[in-house]
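Let's take a walk through a protein together. Have a look at the sequence and the 3D picture, and then we'll go through some parts of it.

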Amino acid sequence: MARIVVTGRIPHEAVALLRAEHDVWAWDESTPISRELLLQQVAGADALVTLLTEKADAELLDAAGTQLRVVANVAVGYNNIDVPACRERGVVATNTPGVLTDATADIAMALILMSTRRLAQGERVIREQQPWQWGMFFMLGTSIQGRRLGVVGMGQIGAALARRAKAFGMNIAYSNRNEIAPELADELGCVRLGLDELLATSDVVSLHCPYSPATHHLIGTAQLAAMRPDSFLINTARGPVVDEAALAHALRHGIIAGAGLDVFENEPTVHADLLDLDNAVLIPHLGSATIETRTAMAMLAAANALAVLRGDTAPTPIAG
Ligand code: DGY
């Protein structure tokens, strides 16, 4: 029987799956575990099931010990995992692609509509009991039909958003390290552009690239200046892909028209300059937050951990 440490609260079905085969210690509070306690608890673990609020870095791997075989992240993004450090120690690192594609694309589409149609601002008018009256020019937004969506990072989630946006009448452009499969390009009717051209020509830019040193502040002052003053930026990827201070400045000074953000540079803190901007829609990292999706993510992470402990190939190892 192996020892599995689950570093945060996950759906009970997944804990039960792990417990059916192994000895499991799981943090079960709604607030994240302290680093100090985590370092103590991982000692002797054969598997770690991690959440994005915990860093699985060299220090944590070493605190676990040389018997550690797998770090199974309950997220598709894995910037909290030091993958090279795992590899150096012969530890398999896994993530949960696929199962949160639709939920995250739904949130990105929702943010596009919320931003372009000023929905959060409108809701504030009602809740704050501000005086209002229907009028021809009251709270006008921007139509998205016939407008260009620029997808930065055309992976599974980018493509799922592109399908939704196409159904809303948008045209699709993308920038990506590699060309996408011809069938997908045909289905979406999309064009591939360099990032500069995509930023300069898109009405809505949506970020779907992984976070890494290469994408840190991919969108900063210069990139925001390259966007059109009537355009919108959507981020459901990772906060530090965007320089939040530069974005707040761009929103305040009309350099771009609006932004919809699900992720932030220093979660759960949000840059103070964003908080009073009516043209910023701010939601608290809800991309994968449905019961069905979170259950599927946890079950996939559990399946990854169990497979490695059995000596099988993990269903979704982190590639590269
Ligand atoms: C992920 O899986 O990377 C998401 O951000 C979690 O909500």
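This is a predicted model: local features need pLDDT of at least 70, side-chain atom pairs count only at pLDDT 80 or more; totals for chains, interfaces and linings use all residues.

Which atom of the ligand does a polar side-chain atom of serine 288 lie 2.7 Å from? It's an oxygen atom. That pair is a polar contact, meaning two N or O atoms within 3.5 Å; within protein, one must be able to donate a hydrogen and the other to accept it, and residues adjacent in sequence count only if both atoms are side-chain atoms.

Residues are numbered from 1 along each chain as its sequence is written, and side-chain values use heavy atoms, with hydrogens and water left out.

Back to the ligand. Histidine 285 also has a polar side-chain atom 2.8 Å from a ligand oxygen. Glycine 77 uses its backbone instead: a polar atom there is 2.8 Å from an oxygen of the ligand. The residues around the ligand also include Leu52, Arg238, Arg294 and Met297; to be near it, a residue needs a heavy atom within 4 Å.

Now go to the start of the chain. Strand β1 (residues 3-6) runs parallel to strand β2 (residues 23-26), and four bridges link the two. Strands pair if DSSP finds at least two bridges between them. Isoleucine 4, for one, has valine 24 in β2 as its bridge partner. Helices (H or I, at least four residues) and strands (E, at least two) are DSSP runs, numbered from the N terminus.

Next, find helix α5, residues 101-116. Its 16 residues reach 23 Å from first C-alpha to last, close to the expected 22 Å, which is 1.5 Å times one less than the number of residues. Among its buried residues are Ala105, Ile107, Leu111 and Ile112; buried means under 20% relative accessible area (1.4 Å probe, protein chains only). Just after α5, arginine 118 has a positive phi of about 60 degrees.

Finally, helix α13 covers residues 291-310 and reaches 28 Å, close to the 28 Å expected for its 20 residues. Glycine 311 follows α13, with a positive phi near 90 degrees.

Methods. Buried means under 20% relative accessible area, exposed over 50%, partly exposed in between (1.4 Å probe, protein chains only).
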